[in-house]
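Hello,

Here is the model I promised to pass on to you. Please have a look, and then read on for my notes.

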Amino acid sequence: MKFTLSWLKSHLDTDSSVDEICETLTDLGLEVESIENPAAKLSDFVIGRVTHAEKHPDADKLKVCTVDAGYGPTQIICGAPNAREGITVVVAKPGTYIPGLDITISVGKIRGIESFGMMASERELEISEEHDGIIELPAGEIGQSFADYLAEYEPARIDPVIEIAITPNRPDALGVRGVARDLAARGLGTMKSCDVDSVPASFANPISVTIDDDTLAQAPVLYGRLIKGVKNSPSPDWLQRQLRAIGLRPISFLVDVTNWFTYDLNRPLHVFDADKISGNTLRLHRAEGTETLIGLDDRNYILPKGATVISDVEGPESIGGVMGGLRTGCTMDTVNVFVESAYFDPIRTAYTGRALKINSDARYRFERGIDPAFTPEGLEHAVRMIIDHAGGKASEVVQAGQIPDTSRAYKLDTERCSSLVGMDISANTQRLTLTSLGFIMVGDMANVPSWRPDVQGSADLVEEVARIASLTKLRGVPMPRAGVPVPVLTPMQKRLAIARRTTATLGYNECVTYSFIDQAAAELFGGGSNATKLANPISSEMSHMRPALLPNLLQAAARNQARGMTNLALFEAGDAFHGGEPGEQHTLVTGILVGKTGPKDVHGVSRNVDIYDAKADAEAILSAMGAPKKVQILRGAGDVWHPGRHGMICLGPKKILGVFGEIHPKILTALDVKGPVVAFVLYPSDVPIPKNQVVNRGAANLPDLQAVERDFAFVMDTTVDALTAVNAAAGADKELIEDVRVFDEFIGGSLGEGKKSLAMTVRLQPSSITLKDANIEVVSAKIIDKVTKATGGTLRG
């Protein structure tokens, strides 16, 4: 459904902007799909004045013009018959897109003389079909934007076009007046009167209309008036502009009137050339299935059985509710017209339209259900417009059938608004809302207007009230606990369940092992003391409480390796013990990777697992448990880990979330595990619990400023860890530095014995201002200072 802003304002007295109107329409359920601003495509055109014009030396119909468009005299070759000195024109400079020609103008030679632009006609700018000559303006300043000129002198030519999506249950919004009614109910203006001064009858109507008894259910009523002595011609400019704006092609005034009322008042109409109606009689009947009709689209249709047909004595003239026939269609020679306004059953119209594969504006509206009570009034509106613009005399109204009775009323229970939609709206406001939408309130009973077939119960009344009040005002309210069990899982239990599910998703097999291990294994991991010794162990191999989960998993790996299973991914989530008293335990999530990443294959993608596999899995599990994204990687996790191949995931020096890396070879030897083995140990209880607990994931916070990357290379001793340099660089400016990555390491060579070059990329992500060279230099100096102090190295020249 399309309409222009000025068209809307012909029904709605409002000062609201296009943006306000569109935002409100979407909120009301009439979703705005697009907004076309004709001024945008005219913004590059400027007003100029022809200061000199002379005949082209090599062409009789071309003129060489000198035009002043505000940027100096410009030579333009023009073939328009009205191009002459002294006129004010619309100029397109080279590089301007011409919408009517679908080209971008450029400097060119015409018969040997260069032309630096063009002077445009109205059709080339798509503001009308006029193309007999270039535009001549009565006013306008040289160099002024043509769009600004139109906004000042002819605003209707740059009227914004709004397109909305209409749901099947809202046929009332298929007319501009229906859209205006919703906006007025919301408070964006007041409705203008739509009363019509009926044209008095000048003579009896000689055309009779009948409806067969078996057709009354699908065509219950038809009104018509004969108008004699009309003068058909092109429609007025305002009417043509409105039709073009919504994508319709103006044909002639008599045809355009019916199209205009279809969109303006949601009232499809049809005009017959009365002189072509044989026998001065029209009959509405059901098709037998053999009749044929050439439609207004010049296509031949075989009418499906049961379709509603309007026929004269010669045969079918029109397909009721779908399309008129070509035989009785109006032309420029038409002088007598029969104007028809009828109501057709939505279901029958839909069946007919689908069978014939005709998608017309009339069918689109009739099959959704138009206002049957407006049938005679719609006829009077059309007759008045035709008489006022095309002249003629009108006959008496002929009527066949009766308007279907759609009257119904439902009780408005003002208390249900709170229970049904969760909004507290006063009873008086609810009544005023329904009244503004056309409902007639009689006590607590709301009489539904005939244009609202979608309202079928008291709940629909509440929906209308809530829709006008705006459903955006709804606020979430927790459900009462009555009948809903209180959560039984603690946050730590939920977190452990998430960790189990995530680790399993990553391809690990879960192990469930005893909480007891032998003393020798316990001592390898810092346990084995008397505090954790069992008083009555099951066996000598289960004498102590486990200090960690790693020894159990490593022993499981050894047993699997002994049976030929060399590629392993095992994990366990459970408690480890650092004392023998209640509460002297801590929850861990531990996983190990042994062997290769997969079986051998022809592509050679299988490789040995490394610490980066463990690091990636540890970070994924921590993220699933809600750990912060920004962490530090530090060393010093203990003797269990390889001294140069592990890292601690920390929020600070004392807040450790987990450890990943390669298990120390001495541990593997003691437990008879063939290595290497990489592992991770996570501490769920140390992951901070978010202050604001939300069920849904929050909106993505995407930066809107350009990030900057800078590369640095430092020369340092080979004994210095790369991690030391990375942490130092990351700590130079914690708010600005988003990431630090090592991309190259070079040892020896020209650097000398015991030296290496470490190259890294630092990514700077601003959040408030765009970085300038001075800002980047300050941060770079901090990075160099931090890294050189931490590593004892120097910036490589």
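To start with the strands, which residue in β34 is the bridge partner of Ala 569? The bridge partner is Leu 593.

Before going further, a word on the basis of these notes. This is a predicted model, where local features need pLDDT of at least 70 and side-chain atom pairs count only at pLDDT 80 or more, while totals for chains, interfaces and linings use all residues. Residues are numbered from 1 along each chain as its sequence is written, and side-chain values use heavy atoms, with hydrogens and water left out.

Back to β34, which covers residues 585-594. Eight of the 10 residues in this strand are buried, meaning under 20% relative accessible area with a 1.4 Å probe and protein chains only. Strand β33 (residues 568-577) runs antiparallel to β34, with 10 bridges between them. β34 also pairs with strand β38 (residues 677-682), again in the antiparallel sense, over six bridges; there, Thr 590 has Val 681 of β38 as its bridge partner. Two strands are called paired if DSSP finds at least two bridges between them. Helices (H or I, at least four residues) and strands (E, at least two) are DSSP runs, numbered from the N terminus.

Elsewhere, five strands form an open sheet with mixed pairing, in the order β15-β18-β21-β22-β23. Its edges are β15 (208-211) and β23 (323-324), each of which pairs on one side only. Within this sheet, β21 (residues 308-312) and β22 (residues 315-319) are antiparallel and joined by four bridges, and Asp 312 stands opposite Gly 315 in β22.

Now for the chain as a whole. It has 19 helices and 42 strands. The C-alpha trace spans about 120 × 80 × 60 Å along its principal axes. Buried residues account for 48% of the 797. Of the contacts between residues at least 6 apart in sequence, 68% join residues at least 24 apart, a contact being heavy atoms within 4.5 Å.

Best wishes

Key
Buried < 20%, exposed > 50% of the residue type's maximum accessible area, 1.4 Å probe, protein only.
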